[in-house]
Number of protein chains: 2
Amino acid sequence: MAESDSDSDIEIMAQQVPCNCLAAADESGRMIRHKIFRRALGPKDIHISVTYSGICHSDIHSAKGEWGAQAYPYCVGHEILGRVKAVGSGVSKFKVGEPIGVGCFTDSCRICEECGEGNEQYCSGPGGTCGTYGEKAPESLHPGGISQGGYASDFVVDENYAIRIPEKMDVAAAAPLLCAGITCFSPFIEHGLKAGQTLGVVGLGGLGHMAVKIGKAMGCEAIVFSRSSSKTEDALRLGAAKVVISTDAEAMKAHARSCHFIYNSIAFDHDVQPYLNVLRTRGTMIMVGGVPKGAMPGGTFAIIPRGLKIAGSCIGGIRETQQMIDFCAEHNILSDIELIPATPEDVDKAWARAINSDVKFRFVIDTAKTLTAPDAA
Amino acid sequence: MAESDSDSDIEIMAQQVPCNCLAAADESGRMIRHKIFRRALGPKDIHISVTYSGICHSDIHSAKGEWGAQAYPYCVGHEILGRVKAVGSGVSKFKVGEPIGVGCFTDSCRICEECGEGNEQYCSGPGGTCGTYGEKAPESLHPGGISQGGYASDFVVDENYAIRIPEKMDVAAAAPLLCAGITCFSPFIEHGLKAGQTLGVVGLGGLGHMAVKIGKAMGCEAIVFSRSSSKTEDALRLGAAKVVISTDAEAMKAHARSCHFIYNSIAFDHDVQPYLNVLRTRGTMIMVGGVPKGAMPGGTFAIIPRGLKIAGSCIGGIRETQQMIDFCAEHNILSDIELIPATPEDVDKAWARAINSDVKFRFVIDTAKTLTAPDAA
């Protein structure tokens, strides 16, 4: 048996990994079924059978070319949960059959100061951070010359860019933690969010709802600021202490100086002044919603007289992502999701709803059950 | 003798303190000679003979009504150095004859969280921080109903809002530390500026030149970013390791990701992106120049991908101001100044030059020698 396994390993390593996927056909973002290849397994590589793949709004922006032109068909997805199907000869951290996760990037230079500090997402070295999808990359690493994401049956990743997933967390609702979860956890750690503090959450979507859960698990009181009362029930169920309607001037005034931190996940231009007003002295507004123009204070007078801070934050490093998964496992934190089959029609519908903010709070594609790996050629 | 001193104390406490000053006549900011009264000494009050009074650009903004309408004649100045002339019966921290300083505020609520933490400049309690000048205040505390500043022969302040000045620091060049010095020192402490780090300084004026000196004394390498080479010699003399011309795209590119912190003291709208570019990953740009509209990043994309922070900071608390003075005394740090006589004509000229950034780097009024206290009525 051992010899037979070894033969099998060699065969897999010698050839590229065929993979069925869902890919955007063009700038419309419309999904089609597509077949791609992952690189042949190198010594440090892991072949993953994808079980669940989360849908992040970044997928939509990228697939539609809103963040730059893309080549099509284009497979996105960077909240990837799966099982180890095979490992390269030098893999020491994972074994065949174990649950495994991949987030928003799959490589970095490994030699710059940022990589050395575990901040691979901010890699400043040659090539920089290699995004899980849409990144121009050597043909040898990403057949086709562009990295392709996780709306797919199979994935290949270097073990140093994979996350250990506790057995109980191999569930659809854990997939979004790999992007949405770490995008909350990392700035909370970086900026020293502490038990007993008050955390304001602005934008109760995929990121915001995780901020409420993780913030509460860290011992904070979470206050959700929302433009309408329609999200009140959900917010309280998620663990928020209360919901403040941000268009209610009296309510906002009553909560002036109430929050040590604001987690602002609104991804379009908006007036941030009302949220600065509810920050306590020397408080920090954490910005995670990418807005090319806007969503910034009008002038420095908005932050100087009370010593306020505006902090950008981008996902998190590999070590920190592992800490986040372990923290969520310990505190039984999962995302609130809607599970959908891996068909072009279902993903098209889900994207349309996501664009209308009509999702509670993240779609996850049921990859394993509905997108079978092709037979090896 | 003891009895005679005591009689004298009682007499002083029983009556308001007459005071000669220079005051803005109207919104033009034009100086006139004026006479005002300070409150009669309460038990915790100190009567100060002002020796030196620094000129801060805030004085000009305020006197010209640029930050809100004022009542005239209006005496400004919040970098006040002097000698204790008399003390109230309950004063324990200062003795007659000692050097003493007063900065940007002279009172606060003393009961709010901010005051409790020594951040009186951010007081959130009843009445808030009482600015050294231009603050509406009870007649009993500020005869005339508005606080009047330090371009004056005499000053009265509660001992809890006064700063101990080492004997060797009773020099004109120490006065600006009470505003410009603390406006650098406080954010450096708050944000953890460390020896060995690189500090970028943008805007080499009253604040910026102190940032170079204090940053260097803290063990940092200071890089001055300047629009022209005209300030190179001064910057190097002040202790900067180098000067980078901010309009030289190549030079700016060569310094990309070079600074742990940027101290941005430009007090008008400007494009901050070039300075964000020279911040290291997760670096912080400290904003101290009050700009009603502008001097902010264009959108959140400017700060998210590299985890950058924009931090407002406003002077510092009393305890921190004392630490700053002690630090500057230990490291022989003073401001670079031009000393001018306390005449309306000289202050008018100094203000005109300050508006044109034609000062290296702070004007100080020689109050003691040229503005004599009036005889007590």
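This is a predicted model: local features need pLDDT of at least 70, side-chain atom pairs count only at pLDDT 80 or more; totals for chains, interfaces and linings use all residues.
Which residues of α4(B) are buried?

**View 1. Helix α4 of chain B, residues 180-190.** The buried residues are B:Ala180, B:Gly181, B:Ile182, B:Thr183, B:Cys184, B:Phe185, B:Ser186, B:Pro187 and B:Phe188. B:Gly192 follows the helix, with a positive phi near 75 degrees.

**View 2. α4(B) against strands of both chains.** The helix lies across β14 and β15 of chain A. It also lies across β10 (198-202), β13 (259-264) and β14 (279-287) of chain B. Relative to β13(B), α4(B) runs at about 150 degrees.

**View 3. An open sheet of 12 strands with mixed pairing.** The order is β12(A)-β11(A)-β10(A)-β13(A)-β14(A)-β15(A)-β15(B)-β14(B)-β13(B)-β10(B)-β11(B)-β12(B). β12 (242-245) of chain A and β12 (242-245) of chain B stand at the edges. Each has a single partner strand, so one side of each lacks a neighbour in the sheet. From one strand to the next, the twist averages 20 degrees.

**View 4. Parallel pairing of β14(A) with β15(A).** Four bridges join β14 (residues 279-287) to β15 (residues 309-312). A:Met285 has A:Ile310 of β15(A) as its bridge partner.

**View 5. Strand β4 of chain B, residues 80-87, and its antiparallel pairings.** Six of the eight residues of β4(B) are buried, leaving the strand mostly covered. Seven bridges link β4(B) to β3 (residues 45-55) of chain B; B:Ile46 partners B:Val87. Four bridges link β4(B) to β5 (residues 99-102) of chain B; here B:Arg83 partners B:Pro99.

Key. Residues are numbered from 1 along each chain as its sequence is written. Chains are lettered from A and ligands numbered from 1 in the order in which they are written. Side-chain values use heavy atoms; hydrogens and water are left out. Buried means under 20% relative accessible area, exposed over 50%, partly exposed in between (1.4 Å probe, protein chains only). Helices (H or I, at least four residues) and strands (E, at least two) are DSSP runs, numbered from the N terminus. Two strands pair if DSSP finds at least two bridges between them. Axes are lines fitted to C-alpha atoms, for helices over the stretch in contact, and angles run from 0 to 180 degrees between N-to-C directions. Contact means heavy atoms within 4.5 Å.
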